[in-house]
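Take your time with each section and look for the parts it mentions.

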Amino acid sequence: MAILGEPIKEVLKLKNYINGEWVESKGELYDVMNPATGKVLAKAPLSTKEEVNAAVEAAKEAFPDWRRTTPLARSRCLFRLKELLEENFEELSRVQTVEHGKTIDESRGETRRGVEMCEVSSGIPSLMMGYNLEDIATGIDEYVIYQPLGVFCCIAPFNFPFMVPMWFWPFAVATGNTFVVKPSPRDPISQVKIAELCDEAGFPPGVINVVLGGAEAAITLVDHPDMKGVTFVGTTKIGKDIYTRAAAGGKRAIIQTSASNFLLVMPDCNVEATIPALMTSFFGNTGQRCLSGQQLVIVGGDKFYNEFVDAVVNTAANMKVGYGMDERTQMGPMQRADAKRKVLQVIENGIKEGAKLRLDGRKLNVMGDYPHACFLNPSIFEDVTPDMSLVTEEIFGPVMNIMRAKDLNEAIEVANGNRFGNANSIFTSNGKNAREFQYRIETGNVGINIGIAAPMAFFPFGGMKDSFFGVLHGQGRDAIRFFTESKVAIQRWP
Amino acid sequence: MKINTASQAISLGTNLEDKSGDFYRALAQRYPQSKELFLSLAQENSKNVTKVKRAYYGVISDALEGCFSFSGLNTDDYSIETDLPEGTGYSDALRMAVVIEEKIIKFYLDGAEKSKALMADVPRAFLLVAKKRRERIPKLESLLEEG
């Protein structure tokens, strides 16, 4: 029980994975850093436009053969990949911790989620079945066939470097499409590791490609005429731009964007179980996830409010902040220094707007001897109102905004007044309250006594309002529909 | 040291299983009259590790409260003495084994209680292992009576 072994012993030089080959980029190299230790983990390229185009070309060329590969054979590749992911589970998890900063428990949780995507998409022979009806008129039958479309891509965020691309690409390739992943430039190593395992699993060249890079690579992918659809997870500002570009090119899009989530606490909640769930929601992944709680809305009288807030503040103040490879750590650093600076600015703004800073996470208390460039402790504001920038903008850091509501109705109205609609939760032991919340709340993912309402691989990952652009969602049956075209056939044999 | 995270709890459980496994292997060497039982207990320890790790790695999720599931446990409450001094008699060694078992059972029961609302299948695996280990005590005690 101590500090776990580092998974990366020497500085890696990352390459693109195109057409089944590891290809050195001609693009400019930059350092991928461990946010906790400040050590350089890898040199990664900002791939050129030509290199991105080569990846799309490889995927396009691989498509005709791959779509003719039987669904059963395609699923066997995914089965083999699943086995390899399990064999390398711990190493993959540790890579996430060193390149992102999250705790080892969080990284293992992320790896498990990724593996689950692989498992679910392995069921493609059943999932991809169409439907039919005999005798729509005498002697005439009609049926629906689901067919793949071609090349898709994922423009991935930094906050879940392993899992997020796997919300999409296993479903895409299982249905017979080919794929290009562009990981976040901040933490691209996990996707390179996955590509190594895909290679070993026996996916044919060009079916899965990984190109490393930044905004230029992303735009090249989205605008490429051979790209049939785009998946993106990131901010609303960039997401809207990508959605517009995709729509202009007649492409499909799943665009999952920013959030400012509300967690409602009713006075009848199970306090003992609620507080750890809140800690996980607000401060897990150092607040850097679209499902994180941002506002804690407490319903009830002064006595309940004061006791509950004291317990929350006390628990947050005692959280162990440190290096994610230290098993004691409950919250790791921010992923990079400028993200920390942004949160510091958010805190300043909150104070200026009149919120009361009850717990000041700027006062650092970090376990171990690590540079403080990316670390923050949890912050908690009270007296927060819906119009403050603390609420209207996504924070993406370890900050909790506490608000009060006189009853459930007021709490729901406050949450629904927010422009985002990603994941809101209620904590209650009253079924009627829970149902009312589920019925009225305007959010894509609903939690009832769950702090992080993260859908499993066999359900779609929801999102509404300014948190989602598109029609079909990632994961589950939605993903199958997104990555396939439905062809309707009618036949008669006179 | 206080335990907060699931990873810490799993590591502590693994460590207890490994240490007590080494202890039983040492007993098997030193007291051949009960070699078979001691070796089977050591072997069972390895299975316990697999069982607990399988549960943990199978259900750990970024959505669950992995970093808060075991708050309140303290490693000091479960430290076990496994050094077998030269000349330790058979009965004393068996008494040590019973104490070790009781400590480890307590760890699994406390861990299951702490994490029952938060960690899905992990507390169930803990309870299963505690049950298995509880079955050892009468066996060890009967050896004590015979000895």
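## Two domains in chain A

Chain A is divided into domain 1 (12-257 + 467-492) and domain 2 (261-448); bounds of this kind come from an automatic or database domain assignment. Taken over C-alpha atoms, the centres of domain 1 and domain 2 of chain A are 31 Å apart. Residues are numbered from 1 along each chain as its sequence is written, while chains are lettered from A and ligands numbered from 1 in the order in which they are written. This is a predicted model, where local features need pLDDT of at least 70, side-chain atom pairs count only at pLDDT 80 or more, and totals for chains, interfaces and linings use all residues.

How do the domains touch? In chain A, 21 residues of domain 1 are in contact with 25 residues of domain 2 (contact: C-beta atoms, placed from the backbone, lie within 7 Å). On the domain 1 side, helix H3 (89-100) and H4 of chain A are the elements that give two or more residues (helices are DSSP runs of H or I with at least four residues, strands are runs of E with at least two, and both are numbered from the N terminus). The largest share of that side, four residues, comes from H3(A).

## A sheet in chain A

Look next for an open sheet of seven strands in chain A, in the order S15-S16-S17-S14-S13-S19-S20, with mixed pairing (two strands pair if DSSP finds at least two bridges between them). Its edge strands, S15 (356-359) and S20 (445-448) of chain A, each pair on one side only.

Strands of a sheet pair through backbone hydrogen bonds, either parallel or antiparallel. Here, strand S13 (residues 261-265) and strand S19 (residues 423-427) of chain A run parallel and are joined by three bridges. In S19(A), A:Phe427 is the bridge partner of A:Val265.

## Chain B

Chain B has five helices and two strands, running β-α-α-β-α-α-α from the N terminus on. Along its principal axes, the C-alpha trace of chain B spans about 50 × 25 × 20 Å.

## Where the chains meet

How values were computed
Two residues are in contact if their C-beta atoms, placed from the backbone, lie within 7 Å.
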